[in-house]
Amino acid sequence: MQKISLKDWVIILTIVPTTLIGFSLASYFSYSRSVELNDFLEQRAKSIIEPIAIASKDPLIHHNRDKLRQLINFTHRNQSNIVKSIAVFTKDNQIFVTSAYHGDIDLMQLKAGNIQPNYTTTENSDDYIIFRTPIIVEHYHAKQVTANDSSYLADTEHLQFDELINNEKPVTIGYIAMQVDKNQLSFKQQSQYLIAFAFALLGTLLSGIFALRLITKVTKPINSMVQAIERIREGKLESRVSGQLIGELNFLKNGINAMAQSLDGYQNEMNASIDQATIDLRESLEQFEIQNVELSLAKRKAQDANRVKSEFLANMSHELRTPLNGVIGFTRQVLKTPLTENQRDYLQTIDRSANNLLTIINDILDFSKLDAGKMVIENIPFSFRESIEETLKLLAPSAHKKNIELSINLPEEIPDSLIGDTMRIKQIITNLTSNAIKFTPQGSVSIDIASEEINQKSIKLKVTVEDTGIGMTVEQQKSIFDAFTQADQSITRLYGGTGLGLVICQRLAQEMRGDIGFSSEKNQGSSFWFTFQCDVNATPLIWEFSNKHLANKTVLYYEENAHAREAIKNIFNHWQMQVTSVINKHQLSQVLTQSKQNQQAFDYVLIGDNQTVTALSELKRTIAQLKPLSNNIHIALNSNSPCLQDALIASGANSCLSKPLTSNSLNRIFQSSIIDEPQKLTLRSPIGNRLPIKVLAVDDNEANLKLINALLLEQVEEVITVDNGMAAVERCKSETFALIFMDIQMPILDGISALKEIKQIPLNMNTPIIAVTAHALSGEKEKMQQQGFNAYMTKPIDETMLRHIIYEYCDFNHLNNSTTEIIVNNDKADVEANHSSMVFNWALALKRSANKEDLAKEMFLGLVESLPETEQGIHDAIKTHDIALIKRLIHKLNGACCYTGTPNLAKITNQLETQLKVGLSLDELEPEFFEFFEHIEQVLLAAPAALKEINDNIK
């Protein structure tokens with residue numbers, strides 16, 4: 001880039017500003033003068049045309065052309081220097097008289113369709129301006145008309161006079177147009193421009209003369225100094241600036257000469273220093289070489305240690321998960337057998353504790369993944385309320401032990417069926433809540449859940465955990481999210497902990513597209529919150545009971561803790577129950593007295609007691625007092641002791657719950673109070689309708705092999721088990737399997753080697769092989785898929801995932817009759833077979849919609865509305881032999897028929913889908929299609945009567 005010289009700067013700072021200012025002022029004043037001339041011309045023209053319009057009123061009314069011509073000719077001659085032509089037009093836009101018959105009448109005349117002006121208007125062009133002003137008559141009365149005028153105006157040619165007689169409003173009877181020449185104005189404007197810019201140019205020339213003078217006096221001495229400095233820069237330190245200069249230039253010359261002399265002395269000193277530094281540098285380089293060798297060896301050792309750590313984590317994960325798989329799996333198997341309530345509670349506690357231990361193992365792996373940046377967040381369907389309830393059940397005993405009130409507020413409006421990583425969500429809630437309980441000697445711990453953003457596909461939730469514990473100082477808050485640290489060292493000694501929990505929570509929240517934060521005050525408690533995003537699952541995982549029977553039911557609710565009280569009240573209000581809330585013993589006594597006086601009873605009574613176990617006698621007395629007012633008394637305690645619960649039930653309570661209360665727990669006890677035996681929501685697979693397939697299970701661990709055999713036998717008819725890869729290969733040479741579940745680490749022949757050999761055997765070349773391993777490190781799933789496995793399962797085996805894999809990799813037609821459905825178990829026999837011959841069955845529709853009447857009606861209406869379109873689509877597809885479209889339409893209709901109470905249509909649709917899957921042609925299925933279309937017609941004909949039956953049942 002070229003540098004700007006001093007000479008250039010002088011020109012830039014003198015001539016350029018002067019030129020810009022001069023020409024700017026010339027432009028401004030020229031423009032202002034031009035505007036003034038235009039305004040003057042316009043005002044002058046208006047002062048000419050408007051008086052003519054006033055004077056032309058009477059001649060135009062009387063059609064006196066001569067008088068009007070004299071008037072405008074006289075005006076034209078007097079103003080001929082600017083006026084080119086004047087013309088008068090009548091009301092109907094016809095020329096009446098003009099001062100120049102050879103003028104541009106067409107330009108002055110208004111175009112057809114234009115409205116005559118009500119005021120003076122202008123029309124500009126390059127060479128002229130046309131002014132038009134109306135001729136207006138105001139208050140022209142008949143008495144002002146002379147006899148001669150009357151006789152003159154009686155002629156039909158002057159009919160406009162009739163419009164003027166006795167008209168109170170102003171009337172426009174024509175207009176005057178005047179053409180004004182702009183040539184003289186343009187000449188004056190151009191002259192003004194020339195004069196202004198001439199002065200600006202003169203100013204620029206004078207500024208240039210002064211600038212050149214300044215350059216001559218300053219530039220030459222400065223150039224000599226620049227040359228001297230350049231020589232000094234090249235190393236010629238003996239160079240000096242000579243000559244006699246004046247003023248500041250002389251001071252500058254002396255300074256340069258002194259600088260050159262000083263540099264000469266400094267150079268000699270620097271040369272000596274460089275020689276010494278060179279010697280020191282050689283010694284330092286030798287030391288650096290030694291250190292680099294040591295660092296290289298240390299790096300290699302660190303890499304080896306990191307590899308050993310990764311192998312250790314992988315092996316420990318496998319070794320710990322393998323026995324846990326047996327504990328969790330067989331616990332769940334025992335839970336499926338008949339048990340007492342205590343036995344079931346103990347086994348559920350074992351199951352939760354084993355899962356908690358599994359979570360601890362996962363935490364160890366999590367920190368390793370976080371440290372390596374390989375954390376993977378899963379997206380699987382889960383029940384949000386069930387996950388929260390499971391988490392609180394594990395945390396409640398530690399809160400009960402310290403007599404801390406643990407409560408949760410989970411609004412009913414928040415969707416329950418979500419898609420996300422439930423384990424990570426539970427992990428964060430567990431960590432924050434356990435910390436709150438740990439650091440709260442007395443008081444309460446409250447959990448609030450709210451939705452920040454929600455739409456049809458996704459939701460952003462915020463979970464806040466607030467306690468009344470020891471809190472933190474400002475200094476302690478600064479390091480709260482640092483790894484391996486706590487608020488201070490005394491915290492570790494007093495409460496224990498590694499200091500990793502919040503670090504993991506922070507990273508997990510960020511991985512789930514959220515954040516984490518807190519607020520705290522010393523000795524006042526802390527409030528931790530985190531946000532996360534999940535997708536909304538359109539398919540509910542758990543069918544809830546209908547709570548319509550609770551609407552308008554009365555409930556007496558006693559709870560001293562404000563947060564728990566408001567949370568439960570919101571649930572009752574959502575169920576449309578009438579709540580009588582009591583906050584202390586005194587109010588409870590008043591309500592009891594008033595209810596006895598008014599002979600008022602309550603449908604339900606819920607007592608939330610936050611006292612210790614020693615207050616048992618007082619609680620029994622309260623139950624006895626409430627017994628006359630209600631037959632449904634339920635107790636909520638800060639305890640999970642079975643003995644205490646049995647004692648309170650023996651005293652008259654219907655049930656005894658452990659806090660914190662949730663909508664699910666309340667729903668269960670309220671449902672159990674209206675039927676003889678408590679209804680339970682369970683998953684059932686029809687007995688004797690297992691998949692007619694053969695499955696091979698391979699695992700070297702006896703317990704795991706026994707467990708997977710038991711789980712598979714619930715789904716399929718035949719399971720073959722072997723304990724190593726070589727035995728599996730031998731089996732595959734002689735038998736064909738629908739599925740193979742393969743462990744990875746096995747003696748004799750590992751799972752990957754066995755996979756490669758099985759893929760070469762013709763009998764099982766296309767058999768899906770599922771990897772079953774206890775490894776849970778990041779990248780394990782991708783590694784297994786690269787090796788050739790069709791799917792990947794981690795231990796402990798999840799039954800839902802197992803069922804999903806069987807569904808995905810087995811022939812679909814085997815599953816049509818064995819799909820697991822959600823039902824309500826009771827003592828009544830299944831009525832579905834009794835209604836199989838009916839076109840529509842309301843009881844079946846209600847049962848399939850979890851006893852939700854509005855949902856059953858909505859689904860039946862949706863089916864009826866879609867049937868004509870579906871029928872026409874299948875007709876068209878049959879004509880074009882579009883098998884793919886027929887399968888898709890039949891499959892969609894089959895799914896809709898399952899939940900709408902149309903057994904005949906559902907049966908034939910299911911049969912058609914199965915036969916199409918098998919590969920039967922349309923010709924072979926012609927009778928079935930005739931029957932299929934007949935059942936559609938029957939449903940459409942029966943729809944009005946069915947809707948009437950539905951409305952009657954809902955009423």
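Here are my entries, starting with the ground rules.

**Ground rules**

I'm working on a predicted model, where local features need pLDDT of at least 70, side-chain atom pairs count only at pLDDT 80 or more, and totals for chains, interfaces and linings use all residues. Residues are numbered from 1 along each chain as its sequence is written, and side-chain values use heavy atoms, with hydrogens and water left out.

The peptide bond from Lys659 to Pro660 is cis, and I get omega near 5°. Pro660 sits in the loop between strand S17 (655-658) and helix H19 (663-672). For my own record, helices (H or I, at least four residues) and strands (E, at least two) are DSSP runs, numbered from the N terminus.

Next I looked up positive phi. His63 has one, about 55°, although it is not a glycine. I found His63 in the loop between helix H2 (57-61) and helix H3 (65-78). Is His63 buried or exposed? It counts as buried, because its relative accessibility is 18%; the cut-offs are under 20% relative accessible area for buried, over 50% for exposed and partly exposed in between, with a 1.4 Å probe and protein chains only.

Asn93 lies in the loop between strand S1 (83-90) and strand S2 (95-98). At 16% relative accessibility, Asn93 counts as buried.

**Helix H11**

The expected span is 1.5 Å times one less than the number of residues. With 17 residues, H11 should span 24 Å, and its end C-alpha atoms are 24 Å apart, so the two agree.

How many of the 17 residues of H11 are buried? I count 12, so I'm calling H11 mostly covered. Among them are Arg424, Gln427, Asn431 and Asn435, along with Ile425, Ile428 and Leu432.

**Salt bridges**

Side chains of opposite charge can pair when their charged atoms come close. My rule for a salt bridge is a side-chain nitrogen of Lys or Arg within 4 Å of a carboxyl oxygen of Asp or Glu. By this rule I get 17 salt bridges.

I opened Glu123 and Arg132, where the closest N and O atoms are 2.9 Å apart. Glu123 is partly exposed at 35% relative accessible area, whereas Arg132 is buried at 5%.

Then I took Arg668 with Glu389, a salt bridge with its closest N and O atoms 2.7 Å apart. Arg668 is in helix H19 and Glu389 in helix H10 (residues 384-401), so this pair ties together parts that are 279 residues apart in sequence. Arg668 counts as partly exposed at 44% relative accessibility, while Glu389 counts as buried at 9%.

Glu390 belongs to helix H10 and Lys426 to helix H11, so the pair ties together parts 36 residues apart in sequence. Both ends are partly exposed: Glu390 at 33% and Lys426 at 25%.

Lys659, from the cis bond above, turned up again here. Glu405, Glu559 and Lys659 are linked in a network of salt bridges.

**Surface patch**

I noted a nonpolar patch on the surface, formed by Ile4, Leu6, Trp9, Ile12, Leu13, Val16 and Leu20, with about 640 Å² of accessible area together. Patch residues have over 30% relative accessible area and no salt bridge; like charges are joined within 9 Å, and nonpolar side chains (Val, Leu, Ile, Met, Phe, Trp, Tyr) within 5 Å. The areas come from the Shrake-Rupley method with a 1.4 Å probe, and for residues only the protein chains shown count as cover. Leu20 is in helix H1 (residues 6-55) and counts as exposed at 54% relative accessibility.

I finished on Ala856, which lies in helix H26 (residues 853-880). Ala856 is buried, with a relative accessible area of 0%. The C-alpha atoms of Ala856 and Leu846 are separated by 5.7 Å, and the two residues are 10 apart along the chain.
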